[in-house]
Amino acid sequence: GDALHKLYYAKDQMIAINLAQEGIEVVREQRDNDMLSTSASDLFSLPGVVYYVADVTASDPLVSCVACAGGVSQPVLLDSNGFYKQGGAGTATSFKRLITISDAGLPADEFKATSEVTWMTGGQTGTITVAEYLFKWAI
């Protein structure tokens, strides 16, 4: 019983680590796209703290999240192709993710991105948080 629970927990933990890192990668992609285009989106000009969800299967993978206000994580779904996503149709999973972008009192050319994933395995809660400071590499 206990060994099997640990095995399932470790499997879920590996998925959570990847989902958390994916959240940071989606923010990095948006930052790079903003700097390479004349897009109206600019993560460096956001006020205070802004919450997002990510769906890498969508054309715009980083989506502002009104339902996340105050730091409420949103469900992660599994689509029919086996991709994890936070939008559209899919099967519910035990994972939730919240991506936060914060100016954290930093200079105008830097912000902090945080991706937090929580989950439940057999009544045990897990949390993985990945944070990274991102810089404006082009003017």
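Q: In S5, which residue is the bridge partner of Leu78?
A: Strands, like helices, are DSSP runs numbered from the N terminus (at least two residues of E for a strand, at least four of H or I for a helix). In this structure, Thr91 of S5 is the bridge partner of Leu78. The model is predicted: local features need pLDDT of at least 70, side-chain atom pairs count only at pLDDT 80 or more, and totals for chains, interfaces and linings use all residues. Residues are numbered from 1 along each chain as its sequence is written, and side-chain values use heavy atoms, with hydrogens and water left out.

Q: Which strand pairs with S3, and in what sense?
A: Two strands count as paired if DSSP finds at least two bridges between them. Strand S3, residues 74-78, pairs with S5 in the antiparallel sense over four bridges. S5 also pairs with S1, antiparallel and over four bridges; here Tyr52 stands opposite Ile99 of S5. With S6, S5 forms an antiparallel pairing over seven bridges, in which Lys96 has Thr118 of S6 as its bridge partner.

Q: Which residues touch the most other members of the largest nonpolar core?
A: Such a core joins buried Ala, Val, Leu, Ile, Met, Phe, Trp, Tyr and Cys residues through side-chain atoms within 4.5 Å. In the largest one, of 26 residues, Val27, Leu43, Tyr52, Leu62, Phe95, Ile101 and Phe111 touch the most other members. H1, S1 (49-54), S5 (91-102), S6 (110-121) and S7 (124-135) each supply at least two residues of this core. The most come from H1, which gives nine residues.

Q: Which residues does Leu62 touch?
A: Contact means heavy atoms within 4.5 Å. Not counting residues up to four places away in sequence, Leu62 touches Val26, Val27, Gln30, Leu43, Tyr52, Val53, Ile99 and Ile101.

Q: How many salt bridges does the structure hold?
A: A salt bridge places a side-chain nitrogen of Lys or Arg within 4 Å of a carboxyl oxygen of Asp or Glu. The structure holds five. In one of them, Glu132 and Arg28 have their closest N and O atoms 2.1 Å apart. This pair links distant parts of the chain, with Glu132 in strand S7 and Arg28 in helix H1, 104 residues apart. By contrast, Lys6 and Asp2, whose closest N and O atoms are 3.4 Å apart, both lie in helix H1, four residues apart, about one turn of the helix.

Q: Is Asp12 buried or exposed?
A: Buried means under 20% relative accessible area, exposed over 50%, and partly exposed in between (1.4 Å probe, protein chains only). Asp12 counts as buried because its relative accessibility is 11%. Its salt-bridge partner is Lys11, at 3.9 Å from N to O, and Lys11 counts as partly exposed at 48% relative accessibility.
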